[in-house]
Amino acid sequence: MIAKIICYALAGLDGIPVEVETDVNKGVPSYDMVGLPDTAVKESKERVRSALKNSGLLFPMNRITINFAPADLKKEGAAFDLAIAVSLLKASEQLIGADVADTVFLGELALNGDLRPVSGLLPILISAKGHGFTRFIVPAANAKEARFLGGAEIYPAENLLAVVKHLLGFEPIEPLETAEFAVCKRQNSSADLKYVKGQPIARRAIEIAVAGGHNLLMVGPPGTGKTMLARCLPTIMPDLSFEEALEITKIHSVAGILGEEGIVTERPFRTPHHTATTVSMCGGGNRVVHPGEISLAHGGVLFLDELPEYKRSTLEALRQPLEDGKITVSRAGGTFTYPSRFMLCASMNPCPCGNYGSANLVCTCTPAEIRRYRKKISGPLLDRIDLQVEVDNISYDDLTSGEQREDSKTVKERVDMARKIQRNRFSEYALNTNAEMGERELDLFCTLGEESETILRRAFERMKLSARARARIIKVARTIADLDGCEEIGPKHVFEAVSYRLEDKF
Amino acid sequence: MTRYTQEEQALIWLCACNELEPHERAVLLRAAGDPETLFERFEFFYEKAFSGPAESDLSSRKRNLEALLAEMEEKGYFAVTVLSRDYPESLKAAFPPLVLFGAGKRELLKEDIFCVVGSRITPPWAARFGTEIAAALSKRFAVVTGLAEGGDLAAVHGALPAGKLISVLPCGLDECYPAAHASVKEEIGRVGLLLSEYPFGEKTRKYSFHARNRILAGLCKGVLVLSAGEKSGALITANTALEYGRDVFAVPYNPSVAQGVGCNELLKRGAYVCTCVQDIFDCYGILPQTEREVTLSGAEEKVYNILHAEGELHTAVLAERAGMPVYEAAATLSALELKGLVVKSGGNRYGCVK
């Protein structure tokens, strides 16, 4: 008898249906697998055999052939275990009367028959639902992730025996209730803008950066609070919507870094070390392409501390995703596209010794050394960073009025307001923030008055800016005007936007 | 095509010989009496002067000379020899180079020349000041300087747009030091004037800066020192200029600023204080010209006045004094910067330049 069971394989963020066909024939006992299974899938033979035995079920001592269709797709991972076991049971007539058609089986088996969680479950469920499947049996440990998929019957199973009992109708498993998405109230992050001392200029810059989704570079001597400021970024970012959360969860699920909640409720804040390779940054792998740091930072912040220490090639690889918001990685095993719309936040020292521009410390670097240091950041990359701000070590005594320290909540309210304006503006376009505007939108929404135009032209000549830098300045000015609640971009907005660009001359 | 007399040609050949040191050329010339004789009987005088045979003969000398002149013609280089009519008279006060190789606008040599120098580490405000003063000077003078970063480059940026810039190199005309300034050098060769006493292909040596500085001092009527540490090439130029009886001007500095120690030392020894271009013009009897006024808005006026009183301030401090939010102060400051009144000093501080 032949049994057909549906399972799913992952290609990038998309699930691809795989039929597990099992045929049990009379003959010399053997156990063969065909249809491009990789090592982990082949090894399932032993897991399935033991799991069946230890669940009190029978492993057929016949000639067994298992086929995975489509045959040309390389099958990887252990998520097929459950489907193999169920199809074996069905083919050996141990599941008579059970309805297994149109049900998707997912899960890895332990030797004692327990079901282990699989990574990338949510993207599979979403794809499968799109393909018309509405019944799923998943490992109980994946339940938290699975319950965010509405409009489907999802049965979480503890072990193989529970699945069998459920299928035969002895002990039906309760389907999962669809969970309501709730934004994390971030108890787990101790960062807050109220703990940042001084730095009024940098505070303003990160507010603008978050409000408009702009990239940010902080330049300053060591120990002036650059990292601290960066850690505050997620605390003032707008809350995740369910769609955003789902998209981020898909990526994190594929990467296998999904936390306890089963869905991402907080904007990601990724801080890869500067020894990171290009592949770890952009994504890659032997056959399966894993999402890189820039995709894991999708919807959140990618923080690169000590920017010049990163490998030049790694930084240059960021250029194209910074523009497109996605990355396409091609490998022998296929071509995969992952979303990567992140906010880049970088920090660096102004010179090798760190004291250039410091008020009270002497910089011992020669002009050539400083130039060499800053040259590590290429012009094209710097062009893509809208806001470049100096973080300095001004002492308290210089500021007499006792500074007002706003907390993240107050700033976030202003950011939310500015984002709301942007949402209304872009309601008919596939955009979320000012930073994503293209030429067409710039024309539509960023008309400059004559005075502003003149200012920009002068700034242009003086600072020798590129056309891209010009567009970026206008976008920043748009965000500043939004924060101001102004419909039109005024000269003061342009001036402020210009003040956030460092001249890279010395 | 530039025509050279036989005598000039002999000099050019002598000075284009990379193998000879400057003092050796002088010894040979003194022995021979005049360049033409030396050219004709080089081996004889060489053996006499250095008691060793020279490896050259008349026919190959002539060939070399022709090739050299053709090469210069092709690259657009020319040579000003001590025998040329436009050889700067003032230079003869210095240990005068026999030949100056040049590229660009030769007529600049006939102008009144003023020298602007500064050390490689010049604070941003001083560099901006230097650029502006060189621009103003270029209305009445040709400005002469070097090609290094810092003070020299500031002067180049100021005077080059008017095309009144002379840059004297410490190496052959076809070399560039620092290499990063090759494009600037190219530009000077087109709209200004490049000069060098060194033969083509001659690399920069440690002592050639010192030698070059004597030409800077020799060419000019006066020197302005933008910045100079305790030991600085700019000081060598200034001291040489004093020796030749030129006027020396210096930009005053705060006592503790390392890049200004040399300038303040010059002032102590009686150099003229220079805080605006009129200080220099006054010295040469040039009357002030009325400048075009820039108009400032209310906020700009306020911020400018505070900064003007303080010299240099942090944006946050400035905002506090002006009673406006920091981001507004930042916007106002970048407006002032575009108007050329203030300059970014690094570390979120701004300096007043006018």
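In this predicted model, the C-alpha centres of domain 1 and domain 2 of chain B are 32 Å apart. Where the two meet, domain 1 of chain B contributes 4 residues to the contact and domain 2 of chain B contributes 4 residues. On the side of domain 1 of chain B that touches domain 2, the residues comprise 3 nonpolar and 1 polar, with no charged residue. As for the bounds, domain 1 of chain B covers 6-75 and domain 2 covers 106-283, while domain 3 of chain B covers 298-352.

Attention may now pass to helix 18 of chain A. This helix consists of 14 residues, 450-463. From its first C-alpha to its last it reaches 20 Å, which is close to the 20 Å expected at 1.5 Å a residue.

Which residues of helix 18 of chain A are buried? They are A:Ser452, A:Ile455, A:Leu456 and A:Ala459. Because these residues cover an arc of only 95° around the axis, they lie on the same side of helix 18 of chain A. The general principle is that an α-helix has 3.6 residues a turn, so residues three or four places apart point the same way.

The buried residues of helix 18 of chain A pack against helix 19 (467-484) and helix 20 (491-499) of chain A, and also against helix 15 (326-338) of chain B. The face turned away from the buried side of helix 18 of chain A carries the exposed residues A:Glu450, A:Arg457 and A:Glu461. Just after helix 18 of chain A comes A:Lys464, which adopts a positive phi of about 50°.

Note on methods. Residues are numbered from 1 along each chain as its sequence is written. Chains are lettered from A and ligands numbered from 1 in the order in which they are written. This is a predicted model: local features need pLDDT of at least 70, side-chain atom pairs count only at pLDDT 80 or more; totals for chains, interfaces and linings use all residues. Helices (H or I, at least four residues) and strands (E, at least two) are DSSP runs, numbered from the N terminus. The expected span of a helix is 1.5 Å times one less than its number of residues. A residue is buried if 20 or more other C-beta atoms lie within 10 Å of its own, exposed if 12 or fewer, and partly exposed in between; C-beta atoms are placed from the backbone. The arc is that of the directions from the helix axis to the C-beta atoms. Two residues are in contact if their C-beta atoms, placed from the backbone, lie within 7 Å. Domain bounds come from an automatic or database domain assignment. Ala, Val, Leu, Ile, Met, Phe, Trp, Tyr, Cys and Pro count as nonpolar, Asp, Glu, Lys and Arg as charged, and the others, Gly among them, as polar.
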